[in-house]
Amino acid sequence: MEFFRIKKDIPFMRHALVFNVVSALTFVAAVFFLLHRGLHLSVEFTGGTVMELRYQQAANLERIRHTLESIGYEQPEATGFGTAHDVMLRLPVVKGITPKDASVQVFDALCKAESGSLKQIDTVTAKGEHVVKQSCAGAGDVELVSLQKVEFVGPQVGDELTQNGLNALVMVVIGVMIYLAVRFEWKFAVAAIIANLHDVVIILGFFAFFQWEFSLTVLAGVLAVLGYSVNESVVIFDRIRENFRKQRKASVQEVIDNAITSTISRTIITHGCTQMMVLSMLFLGGPTLHFFAMALTIGICFGIYSSVFVAAAVAMWLGVKREDLIKPIKEKDETDGAVV
């Protein structure tokens, strides 16, 4: 499917050096901010307190975040789960306050925001165990908010999640290299990995520069960008291989320019539709999906750029040629093996 067709090839590779210099400068800037400012890691990585609350009425997440900000928590993470009445809070470690005291302080502030007072309720579990739960009661002893669960995520768990995230990133990179090396040629594999790592580092650089919170959700977005960017590179590489078969007299640069130009319509359709969905999450998904959508938005924009100007150019500079992708046809012996 095509919206339009460009009759004359656009000379992308003629300007490849200029665009890759821009990419290199952007990459260096991203690495600088990563080393200088670092990532603003969420509770999953640094450790902290996780609280689950249940409201009698539908929870007002904006008021909950405002209350948490008023007692000193910057960029508090309050998300709904299950139903509109259930809320999960992820609170970072605060110096000088134990996790237990922090949970009591937070629950007390949220209770006062609902015009209630703290109360302890003795309940019996299904196993017959007596459990004392914190509750917030209002006028007429009506329960407004109940504290369902409190957990502390220790630094050791955060380190383990960090290591697992890095392992996932490394395995994706290795898997992509093996796939491209088998399907195409090792030069394409190297070019694609350079382009993909370029995208990932730039995304991380944006998060380091603006100090946006980097959570497991954002990590999932980064891994999604890796697969998404590879897909674009594969489309271009596949068209390059096809052009090598059709355009026998064309140079490598002309083949690559034609491959990129002929896939522009497809690129606009695919990325345009994807970006519309991502923008809907960015503007309508609320704080829960905001940074996830932000990572995808940055990744999609730079993924298109890197597939065209980085991956294809690196493959050209590595010396990819027709013989790398198309095996020469062996001439058949005229005697057909017969011996007189």
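I shall go from the overall chain to its aromatic pairs, and then to a few individual residues.

A word on conventions. This is a predicted model, in which local features need pLDDT of at least 70 and side-chain atom pairs count only at pLDDT 80 or more, while totals for chains, interfaces and linings use all residues. Residues are numbered from 1 along each chain as its sequence is written, and side-chain values use heavy atoms, with hydrogens and water left out.

Let me start with the overall dimensions. The chain has a radius of gyration of 28 Å, whereas a compact globule of 340 residues would have one near 20 Å. That radius is taken over C-alpha atoms, and the globule rule is 2.2 Å times the number of residues to the power 0.38. The C-alpha trace spans about 105 × 50 × 40 Å along its principal axes. The secondary structure comprises 11 helices and 8 strands; these are DSSP runs, numbered from the N terminus, with helices being H or I of at least four residues and strands E of at least two.

Of the 340 residues, 41% are buried. Here buried means under 20% relative accessible area, exposed means over 50%, and partly exposed lies in between, with a 1.4 Å probe and protein chains only. Contacts are heavy atoms within 4.5 Å. Among contacts between residues at least 6 apart in sequence, 72% join residues at least 24 apart.

I turn now to the aromatic residues. The whole structure holds 16 aromatic pairs. Rings of Phe, Tyr and Trp (its six-membered ring) pair if their centres lie within 6.5 Å; planes under 30 degrees apart count as stacked, over 60 as edge-to-face and the rest as tilted. F207 and F291 have ring centres 6.3 Å apart and planes at 65°, so this pair is edge-to-face. Because F207 lies in helix α6 (residues 186-210) and F291 in helix α10 (residues 286-317), the pair ties together parts that are 84 residues apart in sequence. F207 has 0% relative accessibility and therefore counts as buried.

A further edge-to-face pair is formed by F209 and F210, at 4.8 Å centre to centre and with 85° between the planes. F209 is partly exposed at 36%, and F210 is partly exposed at 42%. Ring pairs link these residues into a cluster whose members include F32, F33, F45, F206, W212, F214 and F302.

Which residues does S215 contact beyond its neighbours within four places in sequence? They are S42, E44 and F45. S215 itself sits in the loop between β8 (213-214) and α7 (216-246), and is buried at 7% relative accessible area.

F152 belongs to strand β7 (residues 143-153) and is partly exposed at 44%. Not counting residues up to four places away in sequence, F152 touches G48, T49, V93 and P99.

S115 lies in the loop between α4 (99-113) and β5 (117-124) and is exposed at 66%. Q211 lies in the loop between α6 and β8 and is partly exposed at 23%.
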